[in-house]
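Subject: Structure handover

Hello,

Here is the structure for you to look over.

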Amino acid sequence: GQFFVTGTLYLDGVVINNANATSEGISKKANNAIYVQSEGEVVVTNSTFNISKATGITSWWSTGEAQTNVVVKNCVFNCNGNRPLQIEANATIEGCTFNDPYRYAAQLTASDAVINFKNNKLTQSKTSGKATYGLQLTCDYGNSNLVINGEGNVIEGRGADDALYVWELGTGT
């Protein structure tokens, strides 16, 4: 399935198979199971994401500064080397399991946002062959004035380069 959300979407106890998206332009809104824009809100609980291509949930590029809310609780992301969450929003990510993510559970690109990242479990990325991160902050895309509340998160099968939180410098400031 693919959802384009400009209002509010609540999902509970569903299985989302993101098999038809293309991996071309992977961060664009057409290539995600759920894309939330502007002042939208997505709340997903007790659900499973089977990601074959692209991204599970994206609120990135045109959403503004923390006007968007993304909440995922008690969900399983079967990533198959793909991206589970790319977020420019206030976010609550709690009690989720991330199996074989591309690199991270969530890549953050927000400003003036609150991120709650608690009691999540990640398995080390096998398919991508890259280090695994709980949260990746990337300066090329923003990240300023964030409040990050994190506790009880683990990476199973952790490698030497894996980390729960990482700041990627890239070419930005």
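Predicted model: local features only at pLDDT ≥ 70, side-chain atom pairs only at ≥ 80, totals over all residues.

Salt bridge

How many salt bridges does a search of the whole structure find? The search gives one. It joins the side chains of E156 and K121, with 4.0 Å from N to O. The two residues are 35 apart and belong to distant parts of the chain: E156 lies in strand β18 (residues 154-156), and K121 in strand β15 (residues 121-123). In general, side chains of opposite charge can pair when their charged atoms come close.

Cysteines

The disulfide count is zero. C75, for instance, is in no disulfide: the nearest cysteine sulfur belongs to C96 and is 4.8 Å away. As for accessibility, C75 is buried, with a relative value of 1%. C79 is also buried, at 0%.

Strand β13

Is strand β13 (residues 104-108) mostly covered or mostly open? Mostly covered: five of its five residues are buried. β13 has a parallel pairing with strand β10 (residues 83-87), made over three bridges. In that pairing, L85 stands opposite A106 of β13. β13 also pairs in the parallel sense with strand β16 (residues 133-138), here over four bridges.

K73

K73 is part of strand β8 (residues 69-73). Its relative accessible area is 32%, so K73 counts as partly exposed. Which residues does K73 contact, leaving aside neighbours within four places in sequence? They are V44, T45, N46, T92, E94 and C96. For E94, the C-alpha atom is 4.8 Å from that of K73, although the two residues are 21 apart along the chain.

If you want a place to start in the viewer, E156 and K121 show the salt bridge, and β13 can be followed with its parallel partners β10 and β16.

Regards

Note on methods. Residues numbered from 1 in each chain as written. Heavy atoms only, no water. Disulfide = S-S within 2.5 Å. Buried < 20%, exposed > 50% of the residue type's maximum accessible area, 1.4 Å probe, protein only. Pairing = 2+ DSSP bridges. Contact = heavy atoms within 4.5 Å.
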